[in-house]
Amino acid sequence: MPHLSLTGWLPTIGTDRETRQHITRCKTFAHQRLSSPESRLRRQISFSRSHSLIRYCPKRLPTQAIGSAQCLGSAGSISAKSEAEGVPKAETWRLFGVRLSVEDDPGKDNHDSSLALCQAVAFKLKCKGLPLPLAAVSVVRKSFDARVKYRDFAYVVDVDAKSARAAGASPKFRPGQTERILREEPHRSPVFSQKPSGAVATQDPIVVVGSGPAGLFAALELAQAGLPVVILERGQPVESRGRDIGALIVRRLLNTESNLCYGEGGAGTWSDGKLTTKVGRNSDPVRRVLHTLHAFGAPQSILVAGKPHLGTDRLIRILQAFRKHLTALGVKIHFGTCAMGLHVQHDRVVGITLKGGEVLPASRVVLAVGHSSRAMYSALLAKGVALSPKPFALGFRVEHPQALIDTIQYGQEYAAEVRRGKGRVPVADYSLTAQALPDYAEVSSRTAMHASHTQAAASGSAPPEAEQSSVRPQPQAGHSGETKDAQHEEQHQSGSTATTSGRTEAANPAPQPNRNSASSQGRGKGGRHLQAKGQRADRRGPGSSRGQGPGVDQEGARGVYSFCMCPGGQIVPTTTNPEELCINGMSFSRRNSKWANAALVVAVQPSDWAHLDAQHGPLAGVALQVEAERLAARMGGGSLTAPVQRVPDFLAGHLSTGALPSSSYRLGVESAALHDIYSPAVTQALKSALLQFDKKLPGFISDAGLLHGVETRTSSPVRIDRGHHDLQSPSLHGLYPCGEGAGFAGGIVSAAVDGMKVAQAILNEL
């Protein structure tokens with residue numbers, strides 16, 4: 001007979017004779033059921049004072065149950081131990097679209113089952129007035145729906161079928177609404193061991209170049225298989241790297257080898273820490289990555305949140321735990337060690353050439369460098385390694401007051417619930433895409449019209465009716481399709497504008513005075529735009545290479561989209577050369593700053609860098625990035641000061657004067673003509689997209705919006721070619737290009753998945 005334990009009885013139960021007799025009958029019945037041969041599963045039986053119903057819940061669910069609003073917690077639980085062998089799959093019902101209002105939900109930071117959620121599930125399943133225990137409902141996904149007609153929390157939940165049937169549920173199963181699944185035992189911690197298996201051995205170690213997500217996860221897979229692994233990282237561990245970044249922000253001291261791009265964890269460490277991906281949220285590799293991060297210290301919420309996010313502060317602790325585990329597996333990590341090139345013999349890589357000329361032997365090389373490893377690209381080209389130019393995107397970073405974005409997305413009522421990351425509602429974000437109009441004259445006309453409307457609103461007068469009637473409907477943003485381009489791996493999780501809320505009645509706040517003395521002087525610096533000689537319109541449309549929406553029916557239309565949106569974040573310099581300037585966004589786990597920023601970027605194609613092909617070959621896209629970054633550095637006046645422009649001034653082509661809005665960029669800003677940085681085609685695309693974005697988020701175009709230059713490193717502009725099956729370079733045996741810098745990923749999760757994929761290819765070869 002299985003061991004039985006009685007727990008949780010409350011003294012208030014059994015205050016009358018009838019209740020005491022009922023409990024005695026329940027316990028007797030439970031002993032009989034649990035001692036039968038067919039019931040050797042460990043189960044929890046919960047009793048409710050208001051209902052004489054015994055409910056059984058699988059062992060995988062938490063040991064707690066509720067009945068109704070009068071439920072007595074875990075009162076009357078009986079547990080039985082069972083045999084580990086032969087446990088069948090438990091039938092589970094998966095429910096989609098379970099919704100809770102902001103008032104009923106426990107809040108954004110709670111991802112457990114709740115009384116209100118169980119009641120909503122019971123209502124959806126049409127339970128016949130009987131309560132559903134807490135333990136019978138587990139959260140699979142939770143997100144906040146910012147659309148005007150909803151503005152509530154949306155859940156995907158799993159419900160134990162036996163408990164639901166006991167509660168009187170008899171659902172109709174429909175794909176995407178209510179589905180029947182057979183659920184395995186709960187997902188354990190990530191499958192990694194404390195000791196390598198020792199199953200495979202090589203004479204020389206496998207050298208992993210780069211300690212970003214791709215390099216770390218590749219090293220983890222290989223080390224667990226018993227292979228000797230060495231990681232080379234040009235930057236510093238997160239502890240030293242943090243001090244170098246602090247010196248950059250406070251004293252403008254740029255360490256060209258340890259900064260926001262180079263160092264342990266890669267460029268994503270000092271970024272937003274997003275874990276969204278287009279690889280497939282529920283695929284096994286993605287789940288393995290998430291569970292591994294959770295085991296190294298990430299919160300459990302990343303396993304169920306609709307938009308999982310870590311933040312820089314958490315990433316630092318996770319990387320420290322990751323490093324400790326790799327070291328325990330025997331992985332040797334060399335920080336401050338720059339790989340200068342490959343040592344090749346007979347068309348096979350046999351080592352890595354280090355900065356001092358020393359050669360580190362290697363049986364194989366996993367090249368997991370980041371998208372800023374421009375010197376490595378040149379070294380590979382010199383060795384004859386096959387490289388291909390790849391479409392990427394460039395533009396600016398736009399910043400608004402976070403309170404404005406909250407109000408646009410949620411309305412005044414729910415915006416008050418944000419409380420700078422401490423409230424029940426998540427800090428508002430957005431994801432925007434648009435198809436830019438090809439007619440520059442039309443964009444200019446509509447830009448001027450928008451300026452007249454803005455001036456009329458400021459003066460309190462209505463714009464002329466003729467002008468109002470001349471505005472044609474804006475084209476709708478296309479759905480972002482699946483694409484192999486790296487920069488879309490973590491973009492547009494649920495469609496092109498899934499998180500935009502539509503129109504609200506919120507008014508725009510007055511622009512805040514600029515706190516940068518350099519900015520308030522309003523000195524403008526002109527600049528030449530980056531004009532491609534003989535530039536041709538991209539007739540393929542952005543959907544062909546950027547995934548910017550199928551069915552584009554206008555020749556020359558370009559995809560424009562928001563990228564790496566950082567609610568409650570700040571803008572930081574990602575420069576690796578003091579003569580260049582590029583920026584990015586980052587945020588901490590609480591997302592509690594008063595600013596919201598996002599990249600607004602345009603898809604660029606080979607035609608945009610055609611004037612650089614003759615000199616730079618497959619690295620012409622890199623040269624285009626460098627041109628923009630050097631021009632931005634000059635327009636900012638040097639010392640990593642960022643050139644900025646108000647959004648309405650950018651649309652009108654005017655230099656911003658007077659006091660500028662406050663900026664989160666701590667190295668200072670300078671008013672500049674950002675409309676002159678890029679070619680007319682790129683500038684036109686940005687202007688057209690901004691007008692469309694303002695239709696979706698009214699108030700997006702306002703004096704409170706400030707464009708910062710420049711955002712150029714959305715992804716690698718070059719791909720290091722590799723075979724489809726063996727994942728090796730076709731021109732150099734033993735070289736395994738990997739991750740974002742190689743052009744095969746974009747974002748933390750997809751890069752980590754690619755690292756595991758390359759590691760598995762190596763194991764298959766061995």
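Visitor: What angle do helix α4 and helix α18 make where they pack, and how far apart are their axes?

Guide: In this predicted model, α4 (residues 213–224) and α18 (residues 748–765) pack at an angle of about 35°, and their axes lie 7 Å apart.

Visitor: What is the hand of the crossing of α4 with α18?

Guide: The crossing is right-handed. On the α4 side the contact is made by P213, A214, F217, A218, E221 and L222. From α18 come I748, A751, A752, G755, M756, A759, I762 and L763.

Visitor: How do the residues of that contact divide into nonpolar, polar and charged?

Guide: Twelve are nonpolar, one is polar and one is charged.

Visitor: Good, now to a single residue. Why is L706 called buried?

Guide: Buried means under 20% relative accessible area, and L706 has 1%, so the word applies. You will find L706 in strand β25 (residues 706–711).

Visitor: Which residues is L706 in contact with, leaving aside its neighbours within four places in sequence?

Guide: The list is R397, V398, E399, V644, Q645, R646, V647, P661 and S663. As for V398, it sits 308 residues from L706 along the chain, yet the two C-alpha atoms are separated by 5.6 Å.

Visitor: Which residues of helix α8 are buried, and what do they pack against?

Guide: In α8 (residues 374–382) the buried ones are R374, M376, Y377, A379 and L380. They pack against strands β12 (339–345), β15 (364–367), β16 (387–389) and β26 (718–720), and against helix α15 (620–636). After α8 comes G384, with a positive phi near 80°.

Visitor: How many helices and strands does the protein chain have, and what share of its residues is buried?

Guide: There are 18 helices and 27 strands, and buried residues make up 58% of the 766. Among contacts between residues at least 6 apart in sequence, 77% join residues at least 24 apart.

Visitor: How confident is the predictor, and where does pLDDT stay under 50?

Guide: The chain averages a pLDDT of 78, and 70% of the residues score at least 70. Over residues 451–529 pLDDT stays under 50, although the model has 202 contacts there beyond four places in sequence. Residues 531–553 also stay under 50, with 65 such contacts. Where pLDDT is low, the predicted coordinates should not be read in detail.

How values were computed. Residues are numbered from 1 along each chain as its sequence is written. This is a predicted model: local features need pLDDT of at least 70, side-chain atom pairs count only at pLDDT 80 or more; totals for chains, interfaces and linings use all residues. Side-chain values use heavy atoms; hydrogens and water are left out. pLDDT is the predictor's confidence in each residue, from 0 to 100. Contact means heavy atoms within 4.5 Å. Axes are lines fitted to C-alpha atoms, for helices over the stretch in contact, and angles run from 0 to 180 degrees between N-to-C directions. Helices (H or I, at least four residues) and strands (E, at least two) are DSSP runs, numbered from the N terminus. A crossing is left-handed if the near helix is turned anticlockwise from the far one by less than a right angle, and right-handed if clockwise. Ala, Val, Leu, Ile, Met, Phe, Trp, Tyr, Cys and Pro count as nonpolar, Asp, Glu, Lys and Arg as charged, and the others, Gly among them, as polar. Buried means under 20% relative accessible area, exposed over 50%, partly exposed in between (1.4 Å probe, protein chains only).
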